[in-house]
Amino acid sequence: MSTITATLDTDRARRLRLALTALLAAVVTVGAPFYFAPFQVFQLTMVLLYAVALAGLNLLVGFGGQISLGHGAFFAAGAYTAAVMLDRYDTGHLATLPVAAVGCFLLGLGFGVPALRLRGLYLALVTLSFAVFLPPLLKRLEPVTGGSMGLTVDKLQPPAWSGLAEDQWTYFVVLAVTAVALLLARNLLRSRVGRALLAVRDNESAAEVMGVRLSLHKTLAFAWSALFAGVSGCVYTWVIGFVSPDSFSFVLSITLLAGLVVGGLASLYGPLLGAAFVMYVPSVAQDISEAAPGVVFGLLIIAVMFVAPTGLAGLAGRVRGAAVSRLTRTTSAAGDRTPGSEPSAPPTPADPAPVDAEPVGAPPRTEKE
Amino acid sequence: MSAVTELLQQVVEGVGSGAVYASLALALVLIHRFTGIVNFAQGELAMISTYVAWQLVASGMSFWLALPVTLAVSFAGGMLIERIVIRPVQNAPELTMVIVTVGLFIFVNAMAGLIWSFTVKDFPQPFPDGGIDLAGVRVDWSTFGIIAVVAVVMGLLYVLFQHTSIGLVMRAVACNPASARLSGIRVGRVLMLGWGLAATVGAVSGVLVAPVLFLEPNMMGGVLIYAFAAATLGGFDSPVGAVVGGLCVGVAETLAGAYVDVIGADLKVGVPLVIILAVLLVRPQGLFGRAAVERA
Amino acid sequence: MRKTTTLRAAAAASAALLLATACNSQRGQDDKDAAADGACQGQQTTGITDRTIKLGGIYPLSGPASAYGTISKGVSAYFKHVNDKGGIDGRTVVFTVRDDGYQPPKAVEEARRLVEQEKVFAVFQTLGTPSTAAVWDYLDKRKVPQPFVATGASVWGTDDNHPWTTGWQPNYIAEARVYAKYLKEEKPKAKVAVLHQNDDFGKDLLGGFKAAVAGSGIKVVAEESYEVTDPSVSAQMTSLARSRADVLLNITTPKFGSQALAADAKNTRWNPLHIVNNVSSSATVLKPVGFKNVQGVVSATYFKDPADPQWADDAEMKTYRDALRKYAPDSDPANQFNAYGWAAASSLHKALDAMKCPTREGLRDAVRNLKDVEVDMLLPGVTLSTGPADAFPIETMQLMRFEGERWQLFGKPVDTRKEFGPLAK
């Protein structure tokens with residue numbers, strides 16, 4: 001069996017398949033805004049932008065093992081940076097992105113230092129209270145933030161040369177930002193920083209003995225993660241064109257963490273799945289029960305966690321793993337079978353993410369005494 | 001009224017709200033000691049227990065009969081929730097369990113709204129109306145009542161944790177379920193007991209605060225945030241810490257809100273945050289928490 | 001190998017995503033919005049035919065503000081009631097309710113769903129200032145009427161750039177003016193303490209009050225605010241008591257309204273005249289506090305409170321109760337939010353009746369051209385009036401005082417337009 005696979009899985013075949021998959025993915029993502037109605041394109045745009053925030057949170061929680069319940073605050077910081085720049089200084093949309101990114105990176109760096117001292121649960125709850133504190137603070141800073149009425153700013157407008165509708169243009173811009181952000185997240189994880197983070201998450205003392213500078217890397221993880229949340233918030237302002245303090249209550253932070261866990265921790269495409277969950281499931285819940293969408297939404301969260309305790313990303317891997325093992329069994333029983341079909345490849349690890357040293361959604365343990 | 005009396009009046013006010021936070025924080029500490037997780041649904045479970053009590057009283061039962069019935073129902077309900085909702089994800093990563101409690105939060109909150117609507121309900125006050133005047137400072141009987149009950153619950157938990165075999169068993173379970181199981185502890189039962197007890201303590205909290213806050217489905221949402229703050233400040237595994245933490249948070253935010261104009265009532269929620277940060281930077285395990293033993 | 005897996009995974013994920021989108025609703029709906037001919041030539045007839053009219057509404061059915069979600073039940077019940085009686089001008093109303101959980105981005109999504117997918121004729125009511133502010137630019141650009149939003153922020157009526165959006169309930173500034181007028185007459189030297197919610201609602205009302213008493217002998221001597229996420233307002237009430245003010249202006253939403261009334265009743269040393277704002281004036285807010293504790297409390301209103309026994313025999317109130325029992329059996333007819341929805345829906349009915357053209361433009365113009373239109377659920381003397389530059393249908397309120405077990409209306413309805421002039425833009 002394995003010999004057949006090996007011979008067929010030659011370099012050429014693999015490269016071909018790679019190219020095909022890439023092409024397919026590209027066609028699908030680029031074609032989507034032309035196929036779907038504007039309203040659905042808008043929904044996809046929202047999924048993409050939430051995915052950026054979740055990818056950032058994933059760096060911290062999934063790979064860094066530090067739980068943050070305050071990422072809504074960084075998201076809000078990014079959103080308000082963009083809104084204030086557009087409203088007061090009329091800087092144009094693109095200029096807001098680097099400012100929001102750098103601003104949130106620094107904010108995260110500042111927050112990462114005290115976070116070093118806090119562990120597990122305590123860190124989670126301190127960040128939560130930060131998220132609780134932010135809306136009243138934004139209301140207080142009325143001269144800048146517009147107070148509780150919020151700020152209405154211009155949305156992204158397509159340039160004339162593109163010939164695209166507003167939603168399509170916005171989609172492509174957000175798609176570009178998301179693609180860059182996800183690539184950046186992936187590369188970060190493959191770099192020194194990423195390996196150091198994993199080492200720290202899995203065994204702090206061992207990592208330290210190996211020469212990993214704990215404090216530096218933990219602080220950096222916070223900063224990078226805040227940067228992603230900030231970028232996501234900035235893009236949010238471009239898409240929605242309106243910010244108000246009550247849009248960024250602590251519920252947002254909890255939703256982000258829930259989305260990440262539902263999507264799948266420490267998985268590269270978990271954030272995409274989580275973002276889709278956060279975006280689509282509430283409306284599905286309302287379609288099921290008009291009287292109390294919350295009842296259905298709560299049940300759906302619990303149900304997903306039952307079916308996929310390590311998140312939806314892990315579910316895909318688990319289902320495939322199960323399918324593969326069953327297929328392998330049947331094929332071996334059948335003895336002879338057209339070789340080279342996909343499922344007969346040697347069972348891949350459950351997590352197709354590059355960080356294959358760790359099962360999906362490995363527990364970032366909270367402190368236990 | 002002199003400035004000092006006014007100050008003391010605000011302190012009494014702060015102690016009153018602090019006791020409210022502490023009552024729920026005790027339930028959070030309890031569940032954390034048993035299971036090692038933080039339960040986002042704790043406040044909502046307390047809220048639904050309170051509705052059970054309200055329903056009993058509304059259907060003609062006397063309050064003092066409804067109370068034990070409610071506590072029993074809550075205990076059973078807590079155990080049932082552990083069995084149905086938590087057990088299936090027991091071996092999953094802890095964050096998964098935490099998110100399940102978030103789902104439970106959303107579910108219970110919406111369910112209460114569906115059954116009892118969002119109209120504010122009045123809840124019978126178990127303590128006598130009125131209060132006493134201590135040198136010009138007015139203290140309501142209900143404030144005394146809440147503090148007394150919170151103190152009793154705290155004492156009971158302390159005894160449970162420190163002086164019973166259950167305390168030992170549950171520490172073993174929370175610390176390492178696998179090893180506990182190997183040493184003959186029936187982990188499932190201990191966890192069910194933990195959820196049941198926490199739900200009961202939560203029910204006490206809900207019944208205590210409902211006459212003051214007025215009963216509606218979002219009653220405990222705000223309390224939960226402050227209870228988190230109280231438990232974080234006091235240390236997540238100490239009942240004494242929860243109460244001290246609650247009182248500190250209550251008094252500090254009330255005084256800061258009333259007397260520091262820069263802070264004012266709108267930003268007073270930031271005061272506990274600053275205190276918690278300051279305390280945790282010195283003692284990462286909270287005021288009364290046990291330091292984690294690092295094992296390489 | 002690793003690269004392939006990742007890519008494949010990404011492809012699978014995006015495919016799943018797109019599938020979800022596709023499943024969520026059929027694609028399609030090219031933007032072929034219909035247009036009318038004849039005298040109404042070129043105007044939009046999307047969502048309206050000779051037999052049906054499609055309306056949408058966005059309410060918080062879940063989340064922190066879900067107490068207001070029940071307004072949608074009052075609205076739905078009204079339309080079902082009207083449909084059973086032959087519809088509006090022969091047209092059956094199809095009313096689609098969407099949930100935004102009180103989150104602006106969700107409100108944008110739902111507004112777009114209603115307009116682009118459900119193809120509604122008008123977005124009737126978005127609830128809450130943040131959600132409404134998040135969608136009104138969009139609706140205006142799409143030229144979709146947004147009549148009678150369920151928020152009293154003054155910005156809906158003072159803005160010139162959104163002709164498609166109109167308010168309904170008396171704006172918070174108008175309400176503040178009613179209290180100011182009352183105090184000027186009754187307690188011209190009053191010192192006022194204010195408890196307010198820290199959002200647009202609280203600030204608009206407080207700002208309006210300060211502006212209305214400016215130059216008189218009335219002074220605001222203490223202000224305390226609370227967040228909707230706070231558990232209680234008792235600390236704020238203790239602080240306000242320090243001011244020894246003669247009047248307490250209570251600008252809160254229901255639960256906090258009950259808490260503040262109870263705290264005031266409990267404090268025997270401070271007995272200010274308690275003015276509670278309309279949002280918290282329902283008998284369902286006062287009852288939990290105990291009627292004996294709220295005697296003499298003053299408020300202002302503009303529609304009939306279904307929990308108030310004085311309307312028990314009112315014809316419209318009877319229709320309302322019967323309809324609610326029939327079409328929304330799980331809702332509580334005594335809840336004033338249901339009556340609010342009913343009153344707003346019957347106001348829309350009048351506006352639809354007044355349309356010259358059965359088009360979106362026709363509705364926009366009709367909503368902006370109401371002249372003393374009577375609505376049965378509103379108080380006698382309170383009517384709907386708008387103009388091209390006036391998007392506030394109701395600016396008249398009636399003062400009332402709580403006596404015994406009910407509100408007693410007193411004085412004449414106060415038309416704030418006449419008393420104070422139009423709002424400054």
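Reader: Into which domains is chain C divided?
Author: This is a predicted model, in which local features need pLDDT of at least 70 and side-chain atom pairs count only at pLDDT 80 or more, while totals for chains, interfaces and linings use all residues. Residues are numbered from 1 along each chain as its sequence is written, and chains are lettered from A and ligands numbered from 1 in the order in which they are written. The domain bounds come from an automatic or database domain assignment. For chain C they give domain 1 (38-170 + 303-394) and domain 2 (172-301).

Reader: How many residues does the contact take from domain 1 of chain C and from domain 2 of chain C?
Author: The centres of the two domains of chain C, taken over C-alpha atoms, are separated by 29 Å. Two residues are in contact if their C-beta atoms, placed from the backbone, lie within 7 Å. On this criterion domain 1 of chain C contributes 15 residues and domain 2 of chain C contributes 13 residues.

Reader: What radius of gyration does chain C have, and why does it agree with a compact globule?
Author: The radius is taken over C-alpha atoms, and the globule rule is 2.2 Å times the number of residues to the power 0.38. Because chain C has 425 residues, a compact globule would have a value near 22 Å, and chain C agrees with 23 Å.

Reader: How many helices and strands are there in chain C?
Author: Helices (H or I, at least four residues) and strands (E, at least two) are DSSP runs, numbered from the N terminus. Counted in this way, chain C has 14 helices and 13 strands.

Reader: Which elements of chain C each supply at least two residues of the side that touches chain B?
Author: The contact takes 30 residues from chain C and 33 residues from chain B. On the side of chain C, the elements that each supply at least two residues are strand 5 (219-226), helix 8 (234-241), helix 9 (254-266) and helix 10 (283-286).

Reader: What percentage of residues 63-86 of chain B is helix?
Author: UniProt (unreviewed entry) places the feature "transmembrane region" at several spans of chain B, including residues 63-86. UniProt positions are given in the numbering used here, feature names are shortened, and annotations may be inferred rather than shown by experiment. The end C-alpha atoms of residues 63-86 of chain B lie 32 Å apart, and the span is 0% strand and 100% helix.
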